[in-house]
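Me: I would like a close look at one part of this model, with the contacts around it described carefully and the terms spelled out.

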Amino acid sequence: MADREGQVDLSIIIVSWNVKALLRECLTSIRENISAIDFEVIVVDSASSDGSPQMVAEEFPWVTLISSEQNLGYPRGNNIGILVSSGRHVLILNPDTIILNDALSIMLNYLEDHIDVGALGPQLLNADGSVQSSRRRFPSLVTGIFESTWFEPFAPRRVLKSYYALDLPDDQENDVDWVTGACLMVPRRVIDHVGPFDEGYFMYSEELDWCRRIKDAGWRVVYLPQAKIIHYVGKSSEQAITARHVNFQQAKLRYYRKYHGPIAAGSLRGLLLANYAWQLVLEATKGLLGHKRELRRQRVQSYWQVIRSGLRPAGY
């Protein structure tokens, strides 16, 4: 990596799986809203079956396309893109995003003016223009119990308020612990120092892990709302609901095992499995009572598959 540093200003890495229309829109937005930047775009396709690779090759010949015959997972796919890239800065970008105006120039200029910043995230917007939550503090074990589980409505307000950084104004630049990986810009020198993504994750929590390593190495992580990007949220993962449950929880458990130890991860794993078992019983009961039986049947099948997976920490 280091010997290619400086060839272009920015390498944009996009890992894509069966989101052809969104990928086309994303690439078009890059082409129309990037100026005064020497850049390259690398699309790593993870065995899409919707014609995505053919579309990229035919409509965007200026894009470097890497096609895989297997679903590589998000961290590994990005690492492949990073390995062949040549930019002084690397942008990790989801295919379900739309670049707005000069967002990329704003981010790039900020990093070049602030050499102590190791990772930078823009303000993410929903399709209706509302602000999407995209910056966080590092999760505690208590956070893991409540965040993205059925216990979340019962969480002490301060726990999730702190985790989601709800005390920070949406329109204010701030140092944070980590930013979501839908759009994440990192200088090459930082990647050379801390390494690329941890491929023990398959999907989810990889940017949390990366930002933690970046902060632990002494760099800042910054949320920059002056740069704005639309993010449609989860358009790849919603194609496989059961896998999304499994991948999310296994990634979560990998993070806790890695940074909080095996006892903490094991306790959280038991709680999550019990939670899925309880939800399975509730859904089955509702189905037996005749309430939306097809929906209940689908959920019972999904939760049973999650329980059968064992929810072991990813990579362990």
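Which side chain does arginine 254 meet in a salt bridge, and at what N to O distance?

Reply: This is a predicted model, in which local features need pLDDT of at least 70 and side-chain atom pairs count only at pLDDT 80 or more, while totals for chains, interfaces and linings use all residues. Residues are numbered from 1 along each chain as its sequence is written, and side-chain values use heavy atoms, with hydrogens and water left out.

The partner of arginine 254 is aspartate 198, and their side chains meet in a salt bridge at 3.0 Å, N to O; the term stands for a side-chain nitrogen of Lys or Arg within 4 Å of a carboxyl oxygen of Asp or Glu. Arginine 254 lies in helix α9 (residues 241-260) and aspartate 198 in the loop between α7 (188-194) and α8 (206-216), so the contact ties together parts that are 56 residues apart in sequence. Helices (H or I, at least four residues) and strands (E, at least two) are DSSP runs, numbered from the N terminus. Both arginine 254 and aspartate 198 are buried, where buried means under 20% relative accessible area, exposed over 50%, and partly exposed in between (1.4 Å probe, protein chains only).

The pair belongs to a network of salt bridges that links Asp198, Asp209, Arg213, Arg254 and Lys258. Arginine 254 also lies over the face of tyrosine 201, at 5.3 Å from the ring centre; a charge sits over a ring if NZ of Lys or CZ of Arg is within 6 Å of the ring centre and within 35 degrees of the ring normal. A further case is arginine 257, whose charged end sits over the ring of tyrosine 316, 4.4 Å from its centre.

For context, the structure holds 17 salt bridges. One of them joins the side chains of aspartate 170 and arginine 135, at 3.2 Å, N to O. Aspartate 170 is in the loop between α6 (157-163) and β9 (174-176) and arginine 135 in strand β8 (residues 135-136), so this bridge ties together parts 35 residues apart in sequence. Arginine 135 is buried, with a relative accessible area of 3%, whereas aspartate 170 is partly exposed, with a value of 36%. Another salt bridge is formed by arginine 299 with glutamate 283, the closest N and O atoms being 3.4 Å apart. That pair links distant parts of the chain, arginine 299 being in helix α11 (residues 293-309) and glutamate 283 in helix α10 (residues 262-288), 16 residues apart. Glutamate 283 is buried, at 4% relative accessible area, while arginine 299 counts as partly exposed, at 31% relative accessibility.

The structure holds 11 aromatic pairs, the rings of Phe, Tyr and Trp (its six-membered ring) being paired if their centres lie within 6.5 Å, with planes under 30 degrees apart counted as stacked, over 60 as edge-to-face and the rest as tilted. Among them, phenylalanine 39 and tryptophan 62 form an edge-to-face pair, 6.2 Å centre to centre with 75 degrees between the planes. Phenylalanine 39 lies in strand β2 (residues 39-46) and tryptophan 62 in the loop between α2 (52-59) and β3 (64-68), so their pairing ties together parts that are 23 residues apart in sequence. Phenylalanine 39 is partly exposed, with a relative accessible area of 26%, and tryptophan 62 is partly exposed as well, at 33%.
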